[in-house]
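I opened this notebook to record what I looked up on nonpolar cores and strand pairing. The entries are kept brief.

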Amino acid sequence: MSIQLSVSPEVHLEEFDDEIVVLHLGTEELFVLKGSAAVFLRTIRDHGDADEALAASAELYGVDAAVIRSDFEQVVSDLEQRHILAAG
Amino acid sequence: MRNPLFWMVRAVRSTGLLRTIDRRLRVDGLQATRASLGRSPARTPARVIVDPRRHARRQALLLSRLARVVPGNTSCLRQSLACQTLLRHDGIDTTVHIGIKRVSPGTYEMHAWVVDEEGPVLDDPATLEEFRITHRLDAQ
């Protein structure tokens, strides 16, 4: 069963060239994501569904989803711990 | 308003509000904090304030000075929310701007400041030009 992911309402995403700045308005912390982490967060924001976001990310990289699944899950886990993403 | 007693009382109230906002932001986040600030007491009649611009600047300056001595997080966002709330009670509507500036690749700064109809209340407009405004929070 796929998981629904959403960006916290307390979080604002701002894109600067190839970097995404994540501003958590509650804590006023800034995180900078680039590379694959930025790609994953964009696809999660756009798709919501974790499997769809993974598939979209794999398509962008031109690889099978299985190849990037562990990286994807690691990024999701990190973002959840920082209260940037919420599951369900 | 030049009444020294007013500003003494206002300093006490500003200190309490800074601490309340800090606690609420950490626990409940920005949206809930703003909603609770919007439920604050009614406004003072606007006619009491002879020079709204000067009054707003004095309030912002008071908060920036208190922020150096009040324990806890007294960031620019907390100061700005407190300033907006107190000025609203005085009948002066302002907007809190939040912006992000790229210092160098991978390094960014966030800043919040209060704006009235004439511009930034305390900050030098030139220093704000590099910030990309992400939020404009009107008084609730």
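The entries below concern a predicted model.

**Entry 1, largest core.** I looked up the largest nonpolar core and found that it holds 37 residues. Ile21(B), Leu77(B), Leu81(B), Val96(B) and Ile98(B) touch the most other members. I then listed the elements that each supply at least two residues of this core: β3 (19–24) of chain A, and α1 (4–37), α2 (52–66), α3 (76–89), β1 (95–104) and β2 (107–116) of chain B. The most comes from α1(B), with 9 residues. Apart from this core I noted another, of 24 residues, including Val11(A) and Phe40(A).

**Entry 2, Ile98(B).** I asked which residues are in contact with Ile98(B), leaving aside its neighbours within four places in sequence. Among them are Leu23(A) and Leu25(A) from chain A, and Leu77(B), Met110(B), Trp113(B) and Ile133(B) from chain B.

I found an open sheet of 4 strands in chain B, ordered β3-β2-β1-β4 with antiparallel pairing. Its edge strands, β3 (119–120) and β4 (132–138), each pair on one side only. Between β1(B) and β2(B) I recorded 9 bridges, and Thr95(B) stands opposite Val115(B) in β2(B). I also checked α3(B), which lies across β1, β2 and β4 of chain B and runs at about 10° to β2(B).

I looked at β2 (residues 11–16) of chain A, where 5 of the 6 residues are buried. This strand runs antiparallel to β3(A), joined by 6 bridges; Glu14(A) has Val21(A) as its bridge partner. The hairpin has 2 residues between the strands, and Asp17(A) takes a positive phi near 50°.

Key:
Residues are numbered from 1 along each chain as its sequence is written. Chains are lettered from A and ligands numbered from 1 in the order in which they are written. This is a predicted model: local features need pLDDT of at least 70, side-chain atom pairs count only at pLDDT 80 or more; totals for chains, interfaces and linings use all residues. Side-chain values use heavy atoms; hydrogens and water are left out. A nonpolar core is a set of buried Ala, Val, Leu, Ile, Met, Phe, Trp, Tyr and Cys residues joined through side-chain atoms within 4.5 Å. Buried means under 20% relative accessible area, exposed over 50%, partly exposed in between (1.4 Å probe, protein chains only). Contact means heavy atoms within 4.5 Å. Two strands pair if DSSP finds at least two bridges between them. Axes are lines fitted to C-alpha atoms, for helices over the stretch in contact, and angles run from 0 to 180 degrees between N-to-C directions.
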